Each structure stands twice: as structure tokens, then as C-alpha cells.
Amino acid sequence: MSKILISYRREDSADVTGRIYDRLIQVFPQSVFRDVDSIPLGVDFRTYLDEQVGKCDVFLAVIGPDWMGPKDSQGKTRLEDPRDFVRIEIESALKRRIPVIPVLVRGASMPSAKNLPDSMQALTMRNSAIVRSGPDFHHDMDQLIEFLKYYQISDLSERDKVKAIGSVFISYAREDQGRAEQLARAIEQEGWQVWWDFKIHPGEDFDEAIAEALKKSSCVLVLWSERAISSKYVKDEAREALEHSKLVPVFIENVRAPLGLRAIQGVNLTDWTGSRDDPYYQLIVKGLERFRPKLA
């Protein structure tokens, strides 16, 4: 089971971090840790904190409005002090390339890179999760927990990893997100793991996550619409899929695919309402089977 470490500043977010911890241990018992700054006497705290961070597989950086810490007499925040525990923990996680997930609480926003030490600026490139207070807390935590379950794939057997990596990548224009989600939910029910950019996990770099998912996918469904044929990103993803012989065009509007991408037969879902019994949707399901990884 992957280990999850929670980093936070007590005066900034101790209360909500406690609630986050309580929810997480219900799902990941014995796998969630916090308060690593209980440092034994006589131990170099920098080495100790680095070693503790090195034991985790996922790092949650809880960020509230006062996360930077109070300013000293010289006008510098605690985060600007190289000896600050929060800074040391995050620097260690970034250096070790541990997935770092910023968790924004109490209405906080991601800090600007220019306000962070150079050694921490990579934090701003990590996709963040938002955990609100009040009635939205449990909804937000449910989403965070689903993201964290992704990292448990490292505990699967090699045989099960092959099954999980066999996935469908959905490429679409941002304006067509509703149709992409509808199709994603249906294909998941067919036993596929579906990847689309809404599922970029907190802590991941956007461009790297898309490139990696595109590379690992078994096939790529490209949803063609008026917006998609004008999108450089969708066309680039479609060309990449075509180059690796895993392109499946899906037309959600009456358009033609861009030049150079018309040779592959597509499926017309312009009138699809979400039914898994729809004959055109079933063409996609049958077509996907030839891309499913074969287990020995």
C-alpha cells in the first residue's frame, strides 16, 4: 500500500488538515502520516525530515491563506527561511520526484512562482486539489480520494498492471467536455480504464501527464467537432495516435477530419444520447477490442 504524507503549517490549517487526515485513514488505514516534525533530540532536522519524506509515495501539501507564514522583522516570510520545516519537506519531495499534490483549503489559491524560493517553484506546475469547508467538504474529499487511489496501482501485480495500463485516451476540444465525459463513463462500464485530461491527477505536470497517457494508451478516441478541427492540441494528439496505429475517429458533429487524418474510418455519434445499446456506440465497443492488451 502506498504511503501518503501530509505536510501543513499548524497555524495555517491544523483544523482542516485534521479533518482531511480523518477521512483519508478511513480509506487508507495505516498508510497516512503527518506531523513528521516531532524530531528526536540531537538529530539534524534537515536530514531527519528528508528521510521521512523519502518514505512516502504521495505527498500532500496543504495550503491555506497563511501557508507562507508570518513575516519577520526583515519582511521575509517563514517560507523564505531555508530552515523552515514546510519548505524542507516540499523541497525534499520535489527533489525525489515524489508526486506532490497541492491541497488548497480555506479559500486559498496556488501561490505565484515568483513568491516562492527557486527550489520550490516546480510546485506551481503541479495540478492542485481544492478541499472546501462546510457541506462541500465530503464531496471534495471524495474526489481527492479517487485521485489518490490512482497511485495504488503501484501495488498491483505485474499481470494486473498490464490490465490497468490497457486504456483508452480521449482527445477532445475543451468546449466538448460534456460529450467527452459522457463517452468516458460509458466506456469505463465496458471494462476499460479511460483517460481524458479531466483526470489529470493533482500533483502531475499537465504536459507531461498528457504525453505519458498518450504514450501508454492502447488506443486514442478523437472526438471531432467544429472546435476540435480548429484545435492544435487535438490535431497533434490525433497525428500521434495515427503514427502509432491506434487512432479511432469519433464524429460528434457533422464535420470532416482535418487533412492527413481522413484515411481512418470513423464512427458517427452525432445523435448519440448516451445509451450503451446504441448500434453506433456498439461499433466503438467492438472496435476497441482489437486494441485490448493480451495477457499470457
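In which sense do strand 6 and strand 8 pair, and over how many bridges? Strand 6 and strand 8 pair in the parallel sense over four bridges, where strands count as paired if DSSP finds at least two bridges between them, and where strands (E, at least two residues) and helices (H or I, at least four residues) are DSSP runs numbered from the N terminus. The model is a predicted one, in which local features need pLDDT of at least 70 and side-chain atom pairs count only at pLDDT 80 or more, while totals for chains, interfaces and linings use all residues. Residues are numbered from 1 along each chain as its sequence is written, and side-chain values use heavy atoms, with hydrogens and water left out.

View 1. Five strands, in the order 7-6-8-9-10, form an open sheet with parallel pairing. At its edges are strand 7 (193-195) and strand 10 (267-268), each of which pairs on one side only. Strand 6 joins strand 7 through three bridges in the parallel sense, and here F169 stands opposite W195. Towards strand 8, V168 stands opposite C219, and strand 8 in turn pairs with strand 9 over five parallel bridges, with L223 opposite V250. Helix 6 packs on this sheet and touches strand 6, strand 7 and strand 8, and its direction makes about 145° with that of strand 8; axes are lines fitted to C-alpha atoms, for helices over the stretch in contact, and angles run from 0 to 180 degrees between N-to-C directions.

**View 2. Strand 6, covered on both faces.** Five of the five residues of strand 6 are buried, a word that means under 20% relative accessible area, with exposed meaning over 50% and partly exposed lying in between (1.4 Å probe, protein chains only). S167, F169 and S171 are buried on one side of the strand, and V168 and I170 are buried on the other.

**View 3. The largest nonpolar core, around L183.** A nonpolar core is a set of buried Ala, Val, Leu, Ile, Met, Phe, Trp, Tyr and Cys residues joined through side-chain atoms within 4.5 Å. The largest one has 25 residues, and I170, L183, I187 and L221 touch the most other members. Strand 6 (167-171), helix 6 (177-188), strand 8 (219-224), strand 9 (247-251) and helix 9 (279-288) each give two or more residues to this core, and the largest share, five residues, comes from helix 6. If neighbours within four places in sequence are left aside, L183 is in contact (heavy atoms within 4.5 Å) with I170, L221, L223, L269, W272 and Y281. Another core, of 21 residues, lies apart from this one and includes I6, V62, A129 and I145.

**View 4. Helix 3 and its surroundings.** Helix 3 (residues 85-95) is largely enclosed by the rest of the structure, because eight of its 11 residues are buried. Among them are V86, R87, I88 and E89, and the buried residues pack against strand 1 (4-7), helix 2 (45-54), strand 3 (58-63) and strand 4 (100-105). After helix 3 comes R97, whose phi is positive, near 60°.

**View 5. R23 in helix 1.** R23 sits in helix 1 (residues 10-27) and is buried, with a relative accessible area of 14%. Neighbours within four places in sequence aside, R23 is in contact with F137, H138, M141, D142 and I145.
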